[in-house]
Amino acid sequence: MSAPEKQATVGGPGRRDWSTWPRYEAAVLGFKEYWYPVAWSRKIGEKPVPVQVLGQKIMLKRDGGVVRALHDRCPHRGVPLSHKLSSQEFPGTWSCCYHGWTFDLETGVLVAAITDGPESPICGKVAVRTYPVREHIGLVWLWLGDGEPRPFEDDVPEELLDPAALVVGRITVRDGNWRFGAENGFDDGHAKWLHRNALWTKRVKMPVWSEMKVIRDGPWITRRKDKMHYQAEFPGLGSFPRKKWYKRREGNKTKVSLRLPGTLRVKYETWTHFEWWVPVTGEGHVYVQLATMNRGWWNNFRFWVYYRVWARWVFHGMFNDEDRLMVEVTDAPPERLYRPDVSLTEWRKLVEQEARYSPGEAGHD
Amino acid sequence: MSAPEKQATVGGPGRRDWSTWPRYEAAVLGFKEYWYPVAWSRKIGEKPVPVQVLGQKIMLKRDGGVVRALHDRCPHRGVPLSHKLSSQEFPGTWSCCYHGWTFDLETGVLVAAITDGPESPICGKVAVRTYPVREHIGLVWLWLGDGEPRPFEDDVPEELLDPAALVVGRITVRDGNWRFGAENGFDDGHAKWLHRNALWTKRVKMPVWSEMKVIRDGPWITRRKDKMHYQAEFPGLGSFPRKKWYKRREGNKTKVSLRLPGTLRVKYETWTHFEWWVPVTGEGHVYVQLATMNRGWWNNFRFWVYYRVWARWVFHGMFNDEDRLMVEVTDAPPERLYRPDVSLTEWRKLVEQEARYSPGEAGHD
Amino acid sequence: MSAPEKQATVGGPGRRDWSTWPRYEAAVLGFKEYWYPVAWSRKIGEKPVPVQVLGQKIMLKRDGGVVRALHDRCPHRGVPLSHKLSSQEFPGTWSCCYHGWTFDLETGVLVAAITDGPESPICGKVAVRTYPVREHIGLVWLWLGDGEPRPFEDDVPEELLDPAALVVGRITVRDGNWRFGAENGFDDGHAKWLHRNALWTKRVKMPVWSEMKVIRDGPWITRRKDKMHYQAEFPGLGSFPRKKWYKRREGNKTKVSLRLPGTLRVKYETWTHFEWWVPVTGEGHVYVQLATMNRGWWNNFRFWVYYRVWARWVFHGMFNDEDRLMVEVTDAPPERLYRPDVSLTEWRKLVEQEARYSPGEAGHD
Ligand code: FES
Ligand code: FES
Ligand code: FES
Ligand SMILES: [Fe+2]
Ligand SMILES: [Fe+2]
Ligand SMILES: [Fe+2]
């Protein structure tokens with residue numbers, strides 16, 4: 001985040017940093033004490049898959065049908081356990097390729113240091129860290145916290161708790177800090193502007209501006225649209241927008257909500273869209289996009305077809321790619337906020353007050 | 001700039017830093033209180049062109065025939081104003097692609113925050129910095145200083161003031177700090193050596209060495225050649241150079257001068273060559289090469305042909321590319337200067353004593 | 001070297017740094033007071049070859065049949081002396097391409113600053129550092145130390161002293177700090193595991209584990225195999241390895257030794273393999289692999305054929321490429337050592353106690 005050498009200062013320079021929200025400012029790598037979706041279940045097989053989440057390198061591997069997550073670094077000499085030369089020599093274990101240290105996949109304990117023989121005194125004295133894993137609705141979820149894992153249901157939106165729900169989506173890695181992703185997702189102002197020519201909303205009459213409040217709704221904060229303005233006269237400039245004949249439907253009936261640790265929900269009439277921005281490093285995140293419906297197999301099937309032939313490309317693809325372009329280049333602070341940014345400041349306040357502390361973290365009570 | 005771990009020290013180690021010329025040493029990004037040529041006029045149209053000059057990111061755009069220069073960062077959330085998704089919605093303004101903040105192109109003032117409606121209280125309270133721009137002799141000139149712009153004529157060499165002058169040339173981006181470019185341009189020693197086999201001076205008998213003084217000449221310092229030596233006997237080594245039959249013309253009648261902020265002038269009998277090294281970052285610069293003549297349309301036209309078919313490729317191309325190779329790899333200090341480097345030290349003295357201060361800069365009187 | 005955020009701590013966290021061996025820990029760029037092989041003799045001709053060794057940039061060039069080594073940086077303005085535009089103008093000298101400073105190739109002394117004429121007062125007052133060079137058994141050896149060069153024989157293994165020895169091999173540049181290379185070379189544990197499926201040892205029955213001592217042997221430390229275990233039953237896991245019909249020969253009769261400054265010797269029955277890891281930067285090294293025999297021209301010739309058609313590809317290529325993969329990703333400390341790592345700790349102790357000091361180095365007595 002770079003500061004311009006000199007910024008015109010009509011009305012003051014704006015916000016130079018995020019010290020108003022110190023926990024948020026510090027959370028470059030997110031918050032650890034949450035369950036995060038990190039991969040599609042179907043992508044995790046016997047062959048290890050290295051992932052990086054919240055700055056941690058992790059090896060995912062399925063064993064006996066169960067997905068295991070290990071810190072991806074051999075405690076012996078630091079080689080990645082997911083190295084292509086590593087192997088499984090005994091059931092339920094994984095052997096580092098360099099010297100054959102063999103770890104229990106469930107506990108992480110060193111059960112054999114093969115090249116030191118069966119009596120090796122180091123056995124049972126070393127372990128690689130393992131992480132709690134859940135598989136649910138086709139996704140692998142990880143707990144990376146230092147504390148006890150919270151109940152899974154605390155972090156998974158209720159629409160996604162029923163295993164019978166149809167869940168489709170995309171998981172990609174994107175540039176930009178996770179907070180720019182989350183802020184963009186809930187940002188009231190950009191929706192009307194950045195996406196105004198998007199194919200996804202081609203037929204929808206977008207408001208120029210709206211009156212809006214951010215309200216609390218369980219773990220969520222939600223944007224409540226109070227008044228939409230579809231046409232406006234800007235003094236000295238002119239009218240906006242020009243009328244377009246193909247814009248027929250007025251507004252859309254969506255409800256947009258955000259919660260910790262960085263989960264967006266957009267409720268459509270019959271289905272729901274979700275997003276997660278799971279920090280990878282400070283400069284990138286795993287972008288999880290889901291669409292879900294739970295209205296019986298026939299409706300679900302029809303929605304599945306609709307997703308595959310339309311929404312996947314036009315919404316999760318083209319539409320959210322406009323967001324990607326912005327998240328990549330957002331560079332704040334410094335920043336100068338305006339009225340619609342109450343959606344951002346309410347989110348930051350929520351984080352500041354309610355983000356879970358790790359054991360031992362300063363400020364923990 | 002790296003120091004060799006150990007340097008043979010016959011006669012001492014040489015100059016370890018530039019602390020003799022502290023302002024010059026500090027001027028990694030050049031001096032701001034000057035007019036700089038930064039682009040060809042014909043390259044700046046309605047579509048924004050992002051440039052980086054003196055470390056600053058700037059968006060150039062023509063509007064109503066006039067070139068405007070804005071700090072290329074939206075004060076709202078830091079997105080580049082030159083982003084390909086940004087647009088012009090109202091005459092004389094430019095709208096950021098993310099949330100539609102709309103800036104007056106001349107003043108930089110926020111005239112509408114469209115997604116906050118016509119009554120948005122932030123209007124008129126924020127501005128993006130704009131920079132004074134001049135178009136002259138086919139070039140766009142920028143004032144990046146913090147102080148009041150100086151008269152344009154103070155910084156433009158007099159040969160270039162007459163709009164009737166024919167001006168041709170090249171603008172490229174080159175590696176290496178701008179000071180290595182400027183020093184190379186005025187450097188007395190290398191001309192005879194580095195370029196000794198250049199096609200541009202194929203027929204010219206180059207001196208092996210010369211006696212020379214650096215004299216003051218208005219804003220310029222000029223190398224006055226006092227005595228040329230075309231052949232020399234080096235004790236214990238032999239004679240240099242071997243005679244070459246095709247070297248016929250003795251010397252060339254050029255006069256080489258340098259001035260702030262880093263402008264080289266080489267006067268040939270009937271035309272003049274100019275160079276600027278405009279800092280981009282500490283490791284690169286915009287290299288502006290001009291050739292100008294002002295002797296009536298017929299002479300100018302003949303020179304234009306000569307430039308297009310010969311001088312552009314052989315002088316501005318091949319010859320100055322030898323300079324580029326050196327500027328890229330020069331690595332000083334440490335350095336060990338020799339007699340011809342009086343051209344360098346006189347330049348550094350000039351900078352030290354006469355470079356304009358920015359308001360508020362330490363040492364300003 | 002990165003620390004995992006949290007490491008399971010069954011039995012403690014292991015070694016967090018190398019402060020037990022402070023000289024070793026500090027030796028990121030190796031030890032200077034040694035002769036190092038750096039290039040094949042046949043690759044060094046009249047055209048300068050730039051190399052980087054122990055962090056130093058050096059220009060190698062043959063002149064009058066003798067190889068010269070100069071610090072590859074002109075003391076004038078820092079241009080590399082090995083620049084493609086530099087040239088030889090007088091016998092026994094080398095001229096920098098920028099301003100024609102001309103250095104004696106043997107002493108490094110500036111014998112002419114051509115563009116300052118024959119009387120240039122700087123002549124004889126500046127020198128570029130030169131380095132002692134030896135050519136022996138087809139290799140160029142450099143002394144980069146600050147002290148007096150040691151007798152060449154002190155650093156060259158005795159098997160390589162006889163100029164009649166046949167010496168073949170490969171010189172490549174590899175990633176990873178030189179110490180990871182050296183440790184991998186002498187490492188007892190990995191040989192049995194990492195290479196267990198290598199073509200080079202396809203027919204050899206590898207032990208699962210062995211009892212071993214590291215003994216002193218002149219300048220060398222040597223791994224003495226006391227007892228080999230070819231099969232083992234791991235409690236709760238099973239037997240290792242499965243018998244393979246093509247593994248016939250029991251063990252191999254090699255003797256593995258290591259010495260300063262990082263030289264491996266593997267003695268086979270009739271020939272010997274050597275390795276050097278010559279630091280380039282902290283993250284890379286020149287990897288010198290040699291194979292030598294000295295048993296008369298007929299045996300030597302047969303070995304030469306064997307090397308060209310088999311050992312070069314299967315041993316120096318495929319087998320040692322497995323080592324390369326590990327040296328590239330080793331990341332220690334932190335590390336957690338086990339019994340076979342006595343080979344590593346004995347090496348570190350040797351370095352700690354016997355590595356030569358440079359004049360003026362702290363701790364020098
Ligand atoms: S580094 Fe993993 S077993 Fe040695
Ligand atoms: S970042 Fe430019 S309008 Fe929001
Ligand atoms: S830099 Fe080598 S002679 Fe000037
Ligand atoms: Fe969006
Ligand atoms: Fe030049
Ligand atoms: Fe090995």
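Predicted model: local features only at pLDDT ≥ 70, side-chain atom pairs only at ≥ 80, totals over all residues.
In chain A, strand β3 (residues 56-63) is joined to β4(A) by six bridges, and the two strands run antiparallel. Where a residue is called buried, its relative accessible area is under 20%.

**The sheet β2-β3-β4 in chain A**

- The strands β2, β3 and β4 of chain A make up an open sheet of three strands in that order, with antiparallel pairing, and its edges are formed by β2 (49-53) and β4 (66-71), each of which pairs on one side only.
- From one strand to the next, the twist in this sheet averages 35 degrees.

- Three bridges connect β5(A) with strand β6 (residues 101-104) of chain A in the antiparallel sense, and W94(A) stands opposite F103(A), a residue of β6(A).

**The recorded domain**

- UniProt, in an unreviewed entry, places the feature "domain: Rieske" at residues 35-142 of chain A.

**The corresponding strands in chains B and C**

- In chain B, strand β2 (residues 49-53) pairs with strand β3 (residues 56-63) in the antiparallel sense over five bridges, and the bridge partner of P50(B) in β3(B) is M59(B).
- The hairpin of β2(B) and β3(B) has two residues between its strands, and L54(B) takes a positive phi near 50 degrees there.
- In chain C, strand β2 (residues 49-53) and β3(C) run antiparallel and are joined by five bridges, with Q56(C) of β3(C) as the bridge partner of V53(C).
- Two residues lie between the strands in the hairpin of β2(C) and β3(C), where L54(C) has a positive phi near 50 degrees.
- β3(C) also pairs in the antiparallel sense with strand β4 (residues 66-71) of chain C, over six bridges, and I58(C) stands opposite H71(C) in β4(C).
- The hairpin of β3(C) and β4(C) likewise has two residues between the strands, and in this hairpin G64(C) takes a positive phi near 55 degrees.
- Strand β3 (residues 56-63) of chain C is mostly covered, in that seven of its eight residues are buried.

- W276(A), which has its place in strand β19 (residues 272-281) of chain A, is buried, with a relative accessible area of 0%.
- Leaving aside residues up to four places away in sequence, W276(A) touches a set of residues that includes P37(A), W141(A), P157(A), L160(A) and V288(A).
- G262(A) is also among the contacts of W276(A); the two are 14 residues apart in sequence, and their C-alpha atoms are 5.8 Å apart in space.
- L139(B), in strand β10 (residues 139-143) of chain B, is buried as well, with a relative accessible area of 0%.
- The C-alpha atoms of L139(B) and A39(B) are separated by 5.8 Å, although these residues are 100 residues apart along the chain.
- Not counting residues up to four places away in sequence, L139(B) touches P37(B), A39(B), W40(B), S41(B), R134(B), I171(B) and L290(B).

**Helix α5 of chain C**

- Helix α5 (residues 342-354) of chain C has 13 residues and reaches 18 Å from its first C-alpha to its last, close to the 18 Å expected at 1.5 Å a residue.
- The residues of α5(C) that are buried include L344(C), W347(C), L350(C) and V351(C), and the cover over the buried residues of α5(C) includes α1 (22-26), α2 (178-186), β13 (209-217) and β14 (220-229) of chain C.

- Chain A is superposed on chain C, with an RMSD of 0.0 Å, by a rotation of 120 degrees with 0.1 Å of shift along its axis.
- The two copies are therefore related as by a three-fold rotation axis.
- In chain A, the C-alpha nearest the axis belongs to E283(A) and is 14 Å from it.

Methods. Residues numbered from 1 in each chain as written. Chains lettered and ligands numbered in written order. Heavy atoms only, no water. UniProt positions renumbered as here; feature names shortened; annotations may be inferred. Pairing = 2+ DSSP bridges. Helix = DSSP H or I, 4+ residues; strand = E, 2+ residues; numbered from the N terminus. Axes fitted to C-alpha atoms, helices over the stretch in contact; angles between N-to-C directions. Expected span 1.5 Å × (residues − 1). Buried < 20%, exposed > 50% of the residue type's maximum accessible area, 1.4 Å probe, protein only. Contact = heavy atoms within 4.5 Å. Least-squares fit on C-alpha atoms with pLDDT ≥ 70 in both.
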